[in-house]
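Trainee: I have a new structure to look at, and I would like to learn how to read it. Could you take me through it step by step?

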Amino acid sequence: MLVKHDRQSDGVSYGKVTIRARADLKNTFIGAAQTVIAGDSALRCYYDKMRADGLDFSAAKKNVARKIAAISLAAMKTRKPYKDELVMMEDKKKENLTGKV
């Protein structure tokens, strides 16, 4: 989410500031996604599914990076280790709800 903020004083605009995510953290998750894509795991299957649905390489890689970030946050909050089977189960639940096969 990029949000632009105007700097104004007495009706005079002094430029716009764009708030961006932390580049180092974003690059870490994208690098992790690149490593996962090269391997053989449930997240690789998730990537293959995204590609089969018509997403290009870069968009599919960013979706995997978002998934890794969500998994990392959940693991930190619950203090439970990552399980590859849970990723596949989550995808199957979404398919059942949306009716996509």
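Trainee: Let me start with charged side chains: how many salt bridges does a search of the whole structure find?

Mentor: Good place to begin, and keep in mind that this is a predicted model. The search of the whole structure turns up 3 salt bridges.

Trainee: Which residue forms a salt bridge with Asp24?

Mentor: The partner of Asp24 is Arg22, and their closest N and O atoms lie 3.0 Å apart.

Trainee: What about the salt bridge of Asp53: how far apart are the closest N and O atoms?

Mentor: Asp53 pairs with Lys49, and the distance there is 3.7 Å. Asp53 is exposed, at 57% relative accessible area, whereas Lys49 is partly exposed, at 31%.

Trainee: Now the overall fold. What pattern does the protein chain follow along the sequence?

Mentor: Reading along the sequence gives β-β-α-α-α-α, that is, 4 helices and 2 strands. Of the 101 residues in the protein chain, 17% count as buried. The accessible surface comes to about 8000 Å², and carbon and sulfur atoms account for 56% of that.

Trainee: How should I think about the inside of a protein?

Mentor: The general idea is that in soluble globular proteins, nonpolar side chains tend to be buried together. Here, the largest nonpolar core has 13 residues, and those with the most contacts inside it are Ala33, Val36, Leu43, Tyr47, Val64 and Ile68.

Trainee: Which elements give two or more residues to this core?

Mentor: They are helix H1 (23-38), helix H2 (42-52) and helix H3 (57-78). H2 gives the most, with 5 residues.

Trainee: Finally, what percentage of contacts between residues at least 6 apart in sequence join residues at least 24 apart?

Mentor: In this protein chain, that share is 41%.

Key. Residues numbered from 1 in each chain as written. Predicted model: local features only at pLDDT ≥ 70, side-chain atom pairs only at ≥ 80, totals over all residues. Heavy atoms only, no water. Buried < 20%, exposed > 50% of the residue type's maximum accessible area, 1.4 Å probe, protein only. Contact = heavy atoms within 4.5 Å. Areas by Shrake-Rupley, 256 points an atom, 1.4 Å probe, with all protein chains shown as cover. Core = buried A, V, L, I, M, F, W, Y, C linked by side-chain atoms within 4.5 Å. Salt bridge = Lys/Arg side-chain N within 4 Å of Asp/Glu carboxyl O.
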